[in-house]
Amino acid sequence: MLEVKNIPAVVCSGCTLGELKLPKKLTEIFNDAKKVTTIKKIVIPDMVKKIGNWAFFDLGAEIIFPKNTKIIFGEHACDSNNIQNLTVYSKWEMGNYCFYNNKITSLEVKNGIKEISSYCF
């Protein structure tokens, strides 16, 4: 059985997907990994430690993140999506514009967050 631990750049170019289910042992999503035409929902597994620059840029997707897991987000990692409810955990490191241009209506920042980057939301 193939065990996928990272997703390379431009792996799904031009796809139309309803929901993207990522492998549970996935640890890294590279820069610009998802050039998808349409996607509605992405669930990030608990093992993911890094989401690269522009990884999920402009998908219009709802993105569900694991609770209280250390994740390093690159610049524009989740920019221009359909994230409405967001909880920022203390172990997160967020690049500039990380969650910029989303439809956030509810934002909770947990105690212990060290830094919020420029134009993060």
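Lys70 and Glu93 form a salt bridge, with 3.5 Å between the closest N and O atoms; the term stands for a side-chain nitrogen of Lys or Arg within 4 Å of a carboxyl oxygen of Asp or Glu. Because Lys70 lies in the loop between strand E6 (62-64) and strand E7 (72-73), while Glu93 belongs to strand E9 (residues 93-94), the pair ties together parts that are 23 residues apart in sequence. Strands (E, at least two residues) and helices (H or I, at least four) are DSSP runs, numbered from the N terminus.

The model is a predicted one, in which local features need pLDDT of at least 70 and side-chain atom pairs count only at pLDDT 80 or more, whereas totals for chains, interfaces and linings use all residues. Residues are numbered from 1 along each chain as its sequence is written, and side-chain values use heavy atoms, with hydrogens and water left out.

The structure holds 2 salt bridges, and the other pair joins Glu108 to Lys110, the closest N and O atoms being 3.0 Å apart. The table lists the relative accessible area of each partner, where buried means under 20%, exposed over 50% and partly exposed in between (1.4 Å probe, protein chains only).

| Residue | Relative accessible area | Class |
|---|---|---|
| Lys70 | 41% | partly exposed |
| Glu93 | 38% | partly exposed |
| Glu108 | 39% | partly exposed |
| Lys110 | 31% | partly exposed |

The loop between E6 and E7 also contains Lys67, which is exposed, with a relative accessible area of 67%. Lys67 and Tyr89 are 22 residues apart in sequence, and their C-alpha atoms are 7.3 Å apart in space.
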